[in-house]
Amino acid sequence: MDAYEKIMSLAKRRGFLYPSYEIYGGEAGFYDYGPLGILMKNNIENKWREFYLLKEKFFEISTPVITPYDVLKASGHVDEFIDEIATCKKCGASFKVEELKEGKCPLCGGDVEKGKLNLMFETYIGAKKKEQAFLRPETAQGIFVDFPLLYEFFRKKMPFGVIQIGKGFRNEVSPRQGIIRLREFSMAEAEIFFEPDNKKHENFDMVKNEEMLLVTDNDEELKISIEKAVEKGMIGNEALAYYMAITKNFLTSVGIDEKKIRFRQHKKDELAHYANECWDAEIYSERFGWVECVGIADRAAHDLEAHMNATGVDMRAFKKYDEPIKVKKKIIKAKMDALGKTFKQKAKKIREELEKMKINDEVEKIKVTVDGEEIELDREFFTIEEVEETETGKKFIPHVIEPSYGIDRIFYFILEHNYKETEKEGENYVLLTLPPEIAPVKAGVFPLVNKDGLPEIAREIEEELRKNGIMAIYDDRGSIGRRYARMDEIGTPFCITVDYQTKEDGTVTIRYRDTTEQIRVDKKKVAEWIKERIV
RNA sequence: GCGGGCGUGAUCUAGCUGGUUAGGAUGUGAGCCUUCCAAGCUCAAUGCCCGGGUUCGAAUCCCGGCGCCCGCACCA
């Protein structure tokens, strides 16, 4: 068995992960989080909140999974996410329809079979009048469509960030490798809105010396501080670099091995349809090699612009200049008397169109479109005047930087990086060295023996810990060594044992998981002692 | 999606050239024992992925489905 098989076996045996719908034969691409799994996953997500909600001072929202057709049409997902594919009947290779040569297989010239490769789950809204919809392929769009209200919420101050943790759905062609590639997965995304020409971060100095392993889009691999990477133009801007550093800090804080993290830049041809620049945080796995777990993308104005074009709703922000500036510009003025005579009722609409147009030079003729009809106007119907206006600021479509985390993959790699096998008296011994904050159970509470009032004291301690919000498990079955082993295997960082000395001086032993070292602590202080170590 | 391998209690596995009650280990539960690292004893529960076929008889052979793993493709 290799590490992956051992971990998946442990995960199933001890309640971290179960294959979904197993009694019905299972369903590829779906996994259940078991009792311990969900505790750990929640801990990971809460740690993530600690970074983005508390430290970055962002806010979290929660938007629907079911997304109307129009939203994903505008964002580009409908066109980019559903591919028409062709499979060669002769050699079995698959292609995009555009790649075909005269309808034949470009490799062997064989006949092909066309089909739709739809990566989004389709559904319908409403029982009677059915409106097409999809399960969201990313949580981001829910944030983008709320932009005008969020902009108000943040009192129009940029930059600001909005996060969302939730499920995303992709109908993968062949999901595999446990929870590495799921059809329904958990993602944590932050959308940070910037002024396009100011992608700086106020705390950049705090992380600028962070050394990162980078793989650039021309396959150059190097270790470099993020400050230098920005200076040399490898990373497009400070904000992108800053969130790369934050990502690395987050990953190490949840138990990912620092040496097994690198950032790889997407090549031009692998960039998603919405991204200008993208760096993936990849995590190294013995079994799978480097695997993408976080994508940090500069989405520029793509999404807000798309939704603005689709709906006509103003998705722009306003930036006030330090000093109002006076600008000279040319404007078009409609001559209503001439227009009225010639175009009658249409004259008003023509004026509206004319005055919307921007112009830099003198022109003799202008075309406008009114009610689908194209009308050419010469100078008899308009004048061009130069005016001086005072501008107090400008409107712009914000740019978005998006760190997007695949929680399930991170979950797996935490298990892989912390799975330790040692020997104990010739026997194989398994230990999960999870960070205390991430461990599903924080403390095991044991009576050394099941008599003389020891169990009662241990029960009291368990209750006390739980009252303090600490996940503690009481266990009196089997030998003390077996109980330690059970806790070590699920990564419980501390075990508390009540012994005869407890009855004399009120102290209990606390055993450290990784060293098996023991100390004595007053039983009244145990909750506090643990609390200090799990936040 | 294509090709290959595999599918036995919760886990790991023996059996798979067809033939008694499918064996073991780990784990689990109950009881005993136990003064700190998977000790021991007794008892117990839980299994041949699903469906069809061949056969007197199928965990075993054949077909289909599902699942898992690997390679190719896919992974915006």
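This is a predicted model: local features need pLDDT of at least 70, side-chain atom pairs count only at pLDDT 80 or more; totals for chains, interfaces and linings use all residues.
Good morning. I begin with one pair of residues: Glu-437 and Lys-47 form a salt bridge, with their closest N and O atoms 3.4 Å apart. Glu-437 sits in the loop between strand 23 (427-432) and strand 24 (443-447), while Lys-47 belongs to helix 2 (residues 35-55), so this pair ties together parts that are 390 residues apart in sequence.

Residues are numbered from 1 along each chain as its sequence is written, chains are lettered from A and ligands numbered from 1 in the order in which they are written, and side-chain values use heavy atoms, with hydrogens and water left out.

Some terms also need their limits. A salt bridge here is a side-chain nitrogen of Lys or Arg within 4 Å of a carboxyl oxygen of Asp or Glu. Helices (H or I, at least four residues) and strands (E, at least two) are DSSP runs, numbered from the N terminus. Buried means under 20% relative accessible area, exposed means over 50%, and partly exposed lies in between, with a 1.4 Å probe and protein chains only.

Let us return to the salt bridges. How many salt bridges does the structure hold? The structure holds 38 salt bridges. Is Lys-47, from my opening pair, buried or exposed? At 7% relative accessibility, Lys-47 counts as buried.

Helix 2 also contributes to a second pair. Glu-60 and Arg-49 meet through their side chains in a salt bridge of 2.7 Å, N to O. This pair links distant parts of the chain, with Glu-60 in strand 3 and Arg-49 in helix 2, 11 residues apart. Glu-60 is partly exposed at 28% relative accessibility, and Arg-49 is partly exposed at 22%.

I now turn to the strands. Strands of a sheet pair through backbone hydrogen bonds, either parallel or antiparallel. In this analysis, two strands pair if DSSP finds at least two bridges between them.

An open sheet of 9 strands has the order 3-10-11-21-16-15-14-12-13, with mixed pairing. Strand 3 (59-60) and strand 13 (221-225) stand at its edges, each with a single partner strand, so one side of each has no neighbour in the sheet. Within that order, strand 15 (residues 277-285) and strand 16 (residues 289-300) pair in the antiparallel sense over 9 bridges. Tyr-284 has Trp-290 in strand 16 as its bridge partner.

Strand 9 (residues 131-135) is antiparallel to strand 4 (residues 66-68), over 3 bridges, with Pro-68 opposite Ala-133. Strand 9 also pairs with strand 8 (residues 122-125), antiparallel and over 4 bridges; there, Glu-122 stands opposite Phe-134. Strands 8 and 9 form a hairpin with 5 residues between them, and Gly-126 in the turn has a positive phi of about 95 degrees.

Which residue takes a positive phi in the hairpin of strand 27 and strand 28? The residue is Thr-516, with phi near 60 degrees, and this hairpin has 5 residues between its strands. Thr-516 lies in the loop between strand 27 (507-512) and strand 28 (518-522) and is partly exposed at 39%. The two strands run antiparallel and are joined by 5 bridges, and Thr-509 has Arg-520 as its bridge partner.

Two further backbone features deserve mention. Gln-177, a residue other than glycine, has a positive phi near 60 degrees; Gln-177 is found in the loop between strand 10 and strand 11 (184-194). A cis peptide bond joins Met-158 and Pro-159, with omega about -5 degrees. Pro-159 lies in the loop between helix 6 (147-153) and strand 10 (160-169).

To finish, I return to the opening pair: Glu-437 and Lys-47 form a salt bridge, and Lys-47 is buried at 7% relative accessibility. Thank you for your attention.
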